[in-house]
Amino acid sequence: LQFLYFIGRHPATAKKKREKKKKGRRKKMMFEDNSNSMGIKGLVLTAFFVGIAIMMNVFACVLLPEKNFYPLMVLFTQLMVPLPLLLCGTSRSSYDSIDGEMPFITVLGWFLAGSFISMALFIPVTMLHENSISGKQLGLIYGAQALMYLVFFIAGKKLKSRD
């Protein structure tokens, strides 16, 4: 027993224990992020899935026998969706606390974003009706839209939960 007691009290063993404690503290400080960002993993995953959605739109133009550029029109409307929200603001702190109404500019931003989402959803149907694109292209376009909007929805929820 005295031998085991001596090993625990040995200066080299005590030094190793102190280093482990310091390492644990450093790891905690490194991974504790109280900012409103998603973190590097979230950003990389979001960029990866948005890249896949953009590739699906490009594949709708190139890979199928009907080679035309019309599916890219939908991509432009998808990329326009965040602009009104960024320019007009969407924070809940912009509500008027006296009468509870939202400012006009915030409502305008939401309206424009909804308009772009509606255009992205219904332009492909109109193009299919006019025989500008095929049903396979429509499937690829809607798959890309579902993926992109799902990723944006999840990323938005993660950002709101960190507030």
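The legends below describe close-up views of a predicted model. Local features need pLDDT of at least 70 and side-chain atom pairs count only at pLDDT 80 or more, whereas totals for chains, interfaces and linings use all residues. Residues are numbered from 1 along each chain as its sequence is written, and side-chain values use heavy atoms, with hydrogens and water left out.

**View 1. Packing of helix H4 (residues 71-80) on helix H6 (residues 104-129).** The axes, which are lines fitted to C-alpha atoms over the stretch in contact, lie 8 Å apart at an angle of about 170°, on a scale from 0 to 180 degrees between N-to-C directions. H4 is therefore roughly antiparallel to H6, a term for angles over 145 degrees. Contact means heavy atoms within 4.5 Å, and the residues of H4 that meet H6 include Met73, Val74 and Thr77, while Phe116, Met119 and Ile123 are among their partners in H6.

**View 2. Glutamine 137 in helix H7 (residues 135-161).** Glutamine 137 has a relative accessible area of 0% and is therefore buried, the term for values under 20% with a 1.4 Å probe and protein chains only. Leaving aside residues up to four places away in sequence, glutamine 137 touches Ala60, Cys61, Leu64, Glu66, Asn68, Pro71 and Ser132. In H3, Ala60 and Cys61 are themselves buried.

**View 3. Confidence along the protein chain.** The mean pLDDT, the predictor's confidence in each residue from 0 to 100, is 77 for the protein chain, being lowest in helix H1 (residues 2-9), at a mean of 52, and highest in H6, at 90. Over residues 27-32 pLDDT stays under 50. Where pLDDT is low, the predicted coordinates should not be read in detail.

Note on methods
Helix = DSSP H or I, 4+ residues; strand = E, 2+ residues; numbered from the N terminus. Parallel < 35°, antiparallel > 145°, perpendicular 65-115°, else oblique. Buried < 20%, exposed > 50% of the residue type's maximum accessible area, 1.4 Å probe, protein only.
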